[in-house]
Amino acid sequence: MYRLIRPLLFSLDPERAHDFTLAALRHGYRLPGAARLLRGVYAHRVPPLPVRILGMELDNPVGLAAGLDKNAACTGPLADLGFGFIELGTVTPRAQAGNPKKRMFRIPEHEAIINRMGFNSGGLEPFLRNLRKAHRSCPLGVNIGKNRDTPAQRATDDYVLSLRAVYPFADYVTVNISSPNTPGLRALQDQDSLAALLPVLKSEQESLARTHGRYVPLAVKIAPDLSDTQIGTIARQLLEHRIDAVIATNTTLARPQLGNAASAGEAGGLSGRPLRPLSTHVIGELYRSTGGRIPIIGVGGISDAGDAWEKILAGADLLQIYTALIYRGPAVLRDIVSGLRARLAAAGAASFAEARAARSGRTPVGETSR
Ligand SMILES: Cc1cc2nc3c(=O)[nH]c(=O)nc-3n(C[C@H](O)[C@H](O)[C@H](O)COP(=O)(O)O)c2cc1C
């Protein structure tokens, strides 16, 4: 189906194509039979690969990465594409427009995108209105960020405010400190900033868990543009503050492999195929530094089952995609999940942790199971 629609979408400006697709999904979904059609064409063709992790039961380990459904307006149709889980947001506490357009660029010959959206967000109010009535046919993560005009020294306040607001409706919450398009945001990954931010968020999470009688895991999303020393320091801090999961990675400021492709010089974060090795490297370093004690959600340039398996072997327990969905359409999910099943079977492993252990000749670590 997507193969027929793609030429039309690619004839539009990328952000218009994005807005058009979400609006079509949202409105079309109200038509009688639309949900059944979507599920029949996509979700039902994704084979089961159940994973139990972070208190969630997933039909498969491949989720939608943050940034596509920033306002939680499209959970029903997105779940019916067959995702194992969906990450909504980034939502900022107050509404903000983001950077001036044009701010999203395709690089088709590399199946890549450069974006400098800058957290365009309707703010918490409409986000929560949507989230309250959201379809919940798969677990929903919520990715939270700070407003551009919130001073760096008040960043924690923005995260705490959003954590409190989304907590009752989320299956996990992601603290986004790695978008390259909000000035100063990535500095929150520095040792001193994390030492200030993480304990406050952890204690807020514990207090919310008592209030709501439900523990919602906290994940931190990091950038691919970090040295191994920085990754090691972050890993130690995540362990020290008992953060539940880490998402690696966001988009990169580097421009690997792009040569002189049109739009390669645009400012912003690069996603898609050229990001893959950078993000896999970060996953590997995180896995080594944490000894597999924190679940890793691997994201960055996954286009097929081979890319997905590479990230699993590097240490990922769950995966997310965004850019491959734009270039290959929702059927990419079926290809990835069936390829992962085949690779697990070929490895004679019952879980990703077992497959990793079989490779390294060690006892499995991590809690992924199927
Ligand atoms: C247009 C666009 C917008 C994005 N917006 C966000 C965002 O709001 N928050 C976030 O954490 N990541 C955002 N991302 C990053 C993705 O979640 C993901 O980490 C990154 O694109 C790498 O995955 P991919 O190569 O499969 O696209 C965005 C990516 C794109 C392409």
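Predicted model: local features only at pLDDT ≥ 70, side-chain atom pairs only at ≥ 80, totals over all residues.
The buried set comprises Ala155, Asp158, Tyr159, Val160, Ser162, Leu163, Ala165 and Val166.

H6 covers residues 155-166, twelve residues in total. The distance from its first C-alpha to its last is 17 Å, close to the 16 Å expected at 1.5 Å a residue.

## The largest pocket

The largest pocket has a volume of about 650 Å³. It is lined by 31 residues, of which Tyr2, Ile5, Leu9, Thr21 and Leu25 are the closest to its centre.

At least two lining residues come from each of helices H1 (2-10), H2 (14-28), H3 (34-41), H4 (75-79) and H11 (323-328), and from strand E5 (104-107). H2 makes the greatest contribution, with nine residues. By residue class, the lining of the largest pocket consists of 26 nonpolar, four polar and one charged.

## The second largest pocket

The second largest pocket has a volume of about 310 Å³. Its lining has 15 residues, and those nearest the centre are Tyr2, Arg3, Arg328, Ala331 and Arg334. H1, H11 and helix H12 (332-347) are the elements that each give two or more residues to this lining.

The lining of the second largest pocket divides into seven nonpolar, one polar and seven charged residues. Tyr2 is listed among the residues closest to the centre of the largest pocket and also among those nearest the centre of the second largest pocket.

Notes. Residues numbered from 1 in each chain as written. Heavy atoms only, no water. Helix = DSSP H or I, 4+ residues; strand = E, 2+ residues; numbered from the N terminus. Expected span 1.5 Å × (residues − 1). Buried < 20%, exposed > 50% of the residue type's maximum accessible area, 1.4 Å probe, protein only. 1 Å grid on protein atoms, 1.4 Å probe; cavity = no way out; pocket = protein on both sides within 12 Å on 5 of 7 lines; lining within 4 Å. Points joined across faces, edges and corners; volume = space filled by probe spheres on them. Nonpolar A, V, L, I, M, F, W, Y, C, P; charged D, E, K, R; others polar.
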